[in-house]
Amino acid sequence: TKYGPHRSDLKITLDGTAAKYVVSRGQQKYLACVMKIAQVELFRETLGYSPLFLVDDLFSELDRTAARKVIELLLHTKSQLFITSIETEPALFFLPEQNRKLFHVEHGEFQEVI
């Protein structure tokens, strides 16, 4: 239980140095997202369905280009997505309108906006 794919225990290096010391937090987040998406693609190919994704504050450390690429990859998985964000605009801009819901959550109360 200490090691394995369920813990995402991967050590990625660049020229012998751990990537976490060389790349930005945004690049770390982008890499983590891409690795999880690849894991789900393998899951989907093996079992024939995709689990849902819970993505917390995708836009906090990713620039708009990286966020768009992650969302495109997520949409390609055909998984149900739950994406949180403190910013409304990027979420609306990058997600297709069909089958999209937007909720505002404040103090444990939520209200459908779209």
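Apart from its neighbours within four places in sequence, alanine 67 is in contact (heavy atoms within 4.5 Å) with Leu58, Phe59, Leu62 and Phe94. Alanine 67 belongs to helix H2, residues 64-76. Helices (H or I, at least four residues) and strands (E, at least two) are DSSP runs, numbered from the N terminus. With a relative accessibility of 0%, alanine 67 counts as buried; buried means under 20% relative accessible area, exposed over 50%, and partly exposed in between (1.4 Å probe, protein chains only). Leucine 81 lies 14 residues from alanine 67 in sequence and 14 Å from it in space, C-alpha to C-alpha.

The model is predicted: local features need pLDDT of at least 70, side-chain atom pairs count only at pLDDT 80 or more, and totals for chains, interfaces and linings use all residues. Residues are numbered from 1 along each chain as its sequence is written, and side-chain values use heavy atoms, with hydrogens and water left out. The pLDDT, which is the predictor's confidence in each residue from 0 to 100, averages 84 over the chain, and 92% of the residues score at least 70. Confidence is lowest in helix H3 (residues 88-94), with a mean of 69, and highest in strand E2 (residues 17-18), at 90. Where pLDDT is low, the predicted coordinates should not be read in detail.

Four salt bridges are present in the structure; a salt bridge is a side-chain nitrogen of Lys or Arg within 4 Å of a carboxyl oxygen of Asp or Glu. One of them joins glutamate 61 to arginine 25, at 2.6 Å from N to O. This pair links distant parts of the chain, 36 residues apart: glutamate 61 is in the loop between strand E3 (53-55) and H2, and arginine 25 is in helix H1 (residues 25-47). Glutamate 61 is partly exposed at 30% relative accessibility, whereas arginine 25 is exposed at 59%.

Arginine 44 and glutamate 41 also form a salt bridge, at 2.5 Å from N to O. These two residues are about one helical turn apart because three residues separate their positions in helix H1. Glutamate 41 is buried, with a relative accessible area of 15%, and arginine 44 is partly exposed, with 28%. In helix H2, glutamate 72 and arginine 68 lie four residues apart, about one turn of the helix, and their closest N and O atoms are 3.7 Å apart in a salt bridge.

Strands E5 (residues 103-106) and E6 (residues 109-112) pair in the antiparallel sense over four bridges; pairing requires at least two bridges found by DSSP. Valine 105 stands opposite phenylalanine 110 in E6.
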